[in-house]
Amino acid sequence: MNLGQVNIFRKFLSKFKEIISQKYRREVLSEIICDEVSKLGNIKKNNKIKILDYGSGYNPVLIKNVINKLSNKFKESSFEACCYDFYTDDHLKLLNKNKNIIFKKIDDLEDSDHYDFCLIIDVLHHIGINDDEKISKLIKKLKLKSRFIIIKDHFQFGFFSNLLLIIMDFFSNYGDGTKIPKIYFNINAYEKLIFKNNLSEIKRINNIKYYKWYWPFINNEKFQFISILK
């Protein structure tokens with residue numbers, strides 16, 4: 001395919017993933033995140049809860065859902081999010097329209113702000129599971145900036161599950177130009193990462209279906225997990 005055909009195909013995939021899965025997935029994820037923030041945040045009247053969303057993406061509906069749900073549930077408290085990704089100036093002009101959600105370039109992560117929660121949602125496998133040092137360096141940085149870290153990612157259990165996850169990532173991310181991974185965490189590798197970075201796992205949620213019933217292969221509960229860390 002030439003460049004024009006590639007761009008058309010990517011736009012088609014972006015629209016296709018929204019139709020088949022993304023709205024439902026985001027709703028499930030935002031409910032879980034709000035529930036965990038509600039439990040751990042010690043939210044009281046007039047509290048301000050700050051959330052760091054690392055790798056929030058170019059269509060950051062998830063964090064908007066989270067902030068809206070929390071604001072509606074705890075009307076006497078305030079909730080703010082700061083979102084980091086590989087944004088250009090043009091992206092930032094389009095995205096920075098909500099006073100409670102601020103979008104910044106990834107290089108601005110060096111600021112001194114501190115947060116109650118850090119979200120890393122389906123990001124680590126795109127960095128590269130084999131690049132243990134790069135992932136650990138990032139986690140150490142985010143750990144210093146946050147009371148709690150919430151990681152959502154994938155587990156593979158062999159060749160077939162790894163292939164299914166690659167296919168799923170292709171349909172979900174190729175349209176946005178995101179790098180498609182070749183390998184995903186297994187349980188042992190993830191637990192080594194936690195131990196290496198001196199994190200304590202408070203809870204692991206791995207019994208949730210993020211897609212509707214008509215996607216039986218990719219909807220395997222074993223492939224998806226959320227890890228709550230301190």
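Modeller: Just after H7, Asn198 takes a positive phi of about 55 degrees. The model is predicted, with local features requiring pLDDT of at least 70 and side-chain atom pairs pLDDT 80 or more, while totals for chains, interfaces and linings use all residues. Residues are numbered from 1 along each chain as its sequence is written, and side-chain values use heavy atoms, without hydrogens or water.

Colleague: Which residues of H7 are buried, and what puts them on the same side?

Modeller: Tyr190, Leu193 and Ile194 are buried, that is, under 20% relative accessible area with a 1.4 Å probe, protein chains only (exposed is over 50%, partly exposed in between). They share one side of H7 because they cover an arc of only 100 degrees around the axis, taken from the directions from the axis to the C-beta atoms. Lys192 and Phe195 are exposed on the face turned away.

Colleague: What do the buried residues of H7 pack against?

Modeller: Their partners are helices H4 (124–127) and H5 (132–145), together with strands S5 (146–154), S6 (201–205) and S7 (224–229); contact means heavy atoms within 4.5 Å.

Colleague: What makes the largest set of 32 residues a nonpolar core?

Modeller: A core is a set of buried Ala, Val, Leu, Ile, Met, Phe, Trp, Tyr and Cys residues joined through side-chain atoms within 4.5 Å. Ile51, Ile63, Val66, Leu70 and Ile226 have the most contacts inside this one. Apart from it lies another core, of 27 residues, among them Ile194.

Key
Helix = DSSP H or I, 4+ residues; strand = E, 2+ residues; numbered from the N terminus.
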